[in-house]
Amino acid sequence: MNWLETDTENCPVRRTLDVVGEKWSLLILREAFNGVRRYDEFRQHLGLSEAVLADRLRKLVAAGVLRSEPYREPGARTRHEYRLTRKGVDLWPVLLALKQWGDTHAAEPDGPVLDIRHGGGCGSPVRVVVQCEGDERAVLAPRDVTVRPGPAARPRRTG
């Protein structure tokens, strides 16, 4: 079975996009990775409508990407903060890859808006790469890999 004979309904890229494939969802995740937790902060910093923000936060919580934690300021009603779950943290390389692509192909003339560096030691810029599990030094390009249907692949339905 080759790619064109494969059913794409169960594709993991498609399923991922069902969860985070909308612009505002990715921007909410960017905010969460940069320390934004509260609804009002998301709304203020992103400039989106309350309805859209509430909908996206609800979907990200339902998908297990964010979790909602109640908090209460003295004299105020209970509200919620939104924190990344393990599933959400696993999206960090995806956002970094999008940033990296944007810095290369949709850059500001003055340079990157965010400067992400290794904070634990050398201070060098951070970048996303694709590497071989068998040889971690091997950084791969699309031409360096073979792709074939995996065990969950199903034949495409015709007609």
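The model is predicted: local features need pLDDT of at least 70, side-chain atom pairs count only at pLDDT 80 or more, and totals for chains, interfaces and linings use all residues. Residues are numbered from 1 along each chain as its sequence is written, and side-chain values use heavy atoms, with hydrogens and water left out. Helices (H or I, at least four residues) and strands (E, at least two) are DSSP runs, numbered from the N terminus.

**Confidence**

- The protein chain averages a pLDDT of 93, where pLDDT is the predictor's confidence in each residue, from 0 to 100.
- A score of at least 70 is reached by 99% of the residues.
- Confidence is lowest in H1, at a mean of 94.
- It is highest in helix H5 (residues 86-89), at 98.

**Helix H2**

- Helix H2 spans residues 23-33.
- Its buried residues are Ser25, Ile28, Leu29, Glu31 and Ala32. Buried means under 20% relative accessible area, exposed over 50%, and partly exposed in between (1.4 Å probe, protein chains only).
- These residues cover an arc of only 160° around the axis, which puts them on the same side of H2. The arc is that of the directions from the helix axis to the C-beta atoms.
- Several elements cover the buried residues, including helix H1 (12-20), helix H3 (39-46) and helix H4 (50-62).
- Strand S1 (66-72), strand S2 (78-84) and helix H6 (92-105) are also among them. Contact means heavy atoms within 4.5 Å.
- Ser25 is one of the buried residues of H2, with a relative accessible area of 4%.
- Ser25 touches Val19, Val20, Arg56 and Leu60, not counting residues up to four places away in sequence.
- At the start of H2, a side-chain oxygen of Glu22 comes within 2.7 Å of the backbone nitrogen of Trp24. A polar contact is a pair of N or O atoms within 3.5 Å; within protein, one must be able to donate a hydrogen and the other to accept it, and residues adjacent in sequence count only if both atoms are side-chain atoms.
- Gly35 follows H2, and its phi is positive, near 95°.

**Rings**

- A pair of aromatic rings is described by the distance of the centres and the angle of the planes.
- Rings of Phe, Tyr and Trp (its six-membered ring) pair if their centres lie within 6.5 Å; planes under 30 degrees apart count as stacked, over 60 as edge-to-face and the rest as tilted.
- The count comes to 1 aromatic pair.
- The rings of Phe42 and Tyr82 have centres 6.4 Å apart and planes at 65°, so the pair is edge-to-face.
- This pair links distant parts of the chain: Phe42 is in helix H3 and Tyr82 in strand S2, 40 residues apart.
- Phe42 is buried, at 0% relative accessibility.
- Tyr82 is buried too, with a relative accessible area of 13%.
- A charge sits over a ring if NZ of Lys or CZ of Arg is within 6 Å of the ring centre and within 35 degrees of the ring normal.
- Lys23 lies over the face of Trp24, at 4.6 Å from the ring centre.
- The charged end of Arg38 sits over the ring of Tyr71, 3.8 Å from its centre.

- Asn10 lies in the segment before H1. It is buried, with a relative accessible area of 17%.
- The side chain of Asn10 reaches the backbone oxygen of Ala152 at 2.9 Å.
- Asn10 touches Arg15, Ala152 and Arg154, not counting residues up to four places away in sequence.
- Pro112 is in the segment after H6. It is exposed, with a relative accessible area of 56%.
- Pro112 touches Lys99 and Asp103, again not counting residues up to four places away in sequence.
- Pro112 and Lys99 are 13 residues apart in sequence and 9.0 Å apart in space, C-alpha to C-alpha.

- Ala54, in helix H4, is partly exposed, with a relative accessible area of 25%.
- Ala54 and Leu140 are 86 residues apart in sequence and 39 Å apart in space, C-alpha to C-alpha.
- Ala76 lies in the loop between S1 and S2. It is partly exposed, at 29% relative accessibility.
- Ala76 and Pro155 are 79 residues apart in sequence and 56 Å apart in space, C-alpha to C-alpha.
- Arg86, in helix H5, is exposed, with a relative accessible area of 60%.
- The C-alpha atoms of Arg86 and Gln44 are separated by 26 Å, and the two residues are 42 residues apart along the chain.
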